[in-house]
Amino acid sequence: MLINQTTIDKKSMIALARISRKVAHSGRSRPVRRFAWFAVTVELLLAALFFRAGADGWLTYVLMAAIMLACILGEDTVNGILGLRQILPDSREVNAAFQEDHYVHRTRAAETWWNYRQIRAIGESKEYFALVLDKGHGQIYTKEGFDWGSPEEFREFIQRKTGLKIRKVK
């Protein structure tokens, strides 16, 4: 049995949003992100053309490009913060016990038993493991939070139980 203690905070939820996007949702968001980068490029080119021609309006294009760039670069931060707002205060201290046939996710508010078949994807960053359950749900566990077991043991255990490969995320 492996036991992990994790505090769900802003940092962990941003990590969950980033890992989830890169591991489970990469195919869906890629066209949108490409279009957004294309829009930023077009807006900057138009700003340059207007500026060279001495026409008014170039600043509007620069501002639109900056707003679009902020949306692209801040997507995970916004999704993480919005996700954190949906978690009740009594559910932010998580104790997870990974057993042979299931794992138990305990908080002060509830206790939930999960089957390993419910996990759709697994991601790993420098500090966290993320279990993606579906497009809007995931669980995050800090690597420092293992009371029983280690990150190496968890990595081997969860891959064996789910049959999924862990995808590394920067």
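These legends describe close-up views of a predicted model.

Local features need pLDDT of at least 70, side-chain atom pairs count only at pLDDT 80 or more, and totals for chains, interfaces and linings use all residues. Residues are numbered from 1 along each chain as its sequence is written, and side-chain values use heavy atoms, without hydrogens and water.

**View 1. The largest pocket.** Its volume is about 970 Å³. A pocket is an open set of points on a 1 Å grid over the protein atoms alone, where a 1.4 Å probe fits, with protein on both sides within 12 Å along at least five of seven lines. The lining holds 34 residues, each with an atom within 4 Å of a point. Met13, Leu16, Gly136, His137 and Gly138 lie nearest the centre.

**View 2. The pocket lining.** α4 gives the most to this lining, with six residues. Helices are DSSP runs (H or I, at least four residues). The lining divides into 13 nonpolar, 15 polar and six charged residues; Gly counts as polar.

**View 3. α1 against α4.** The two helices pack at an angle of about 120 degrees, with axes 8 Å apart. Axes are lines fitted to C-alpha atoms over the stretch in contact, and angles run from 0 to 180 degrees between N-to-C directions. Contact means heavy atoms within 4.5 Å. Among the residues in contact are Met13 of α1 and Gly80 of α4.

Notes. Points joined across faces, edges and corners; volume = space filled by probe spheres on them.
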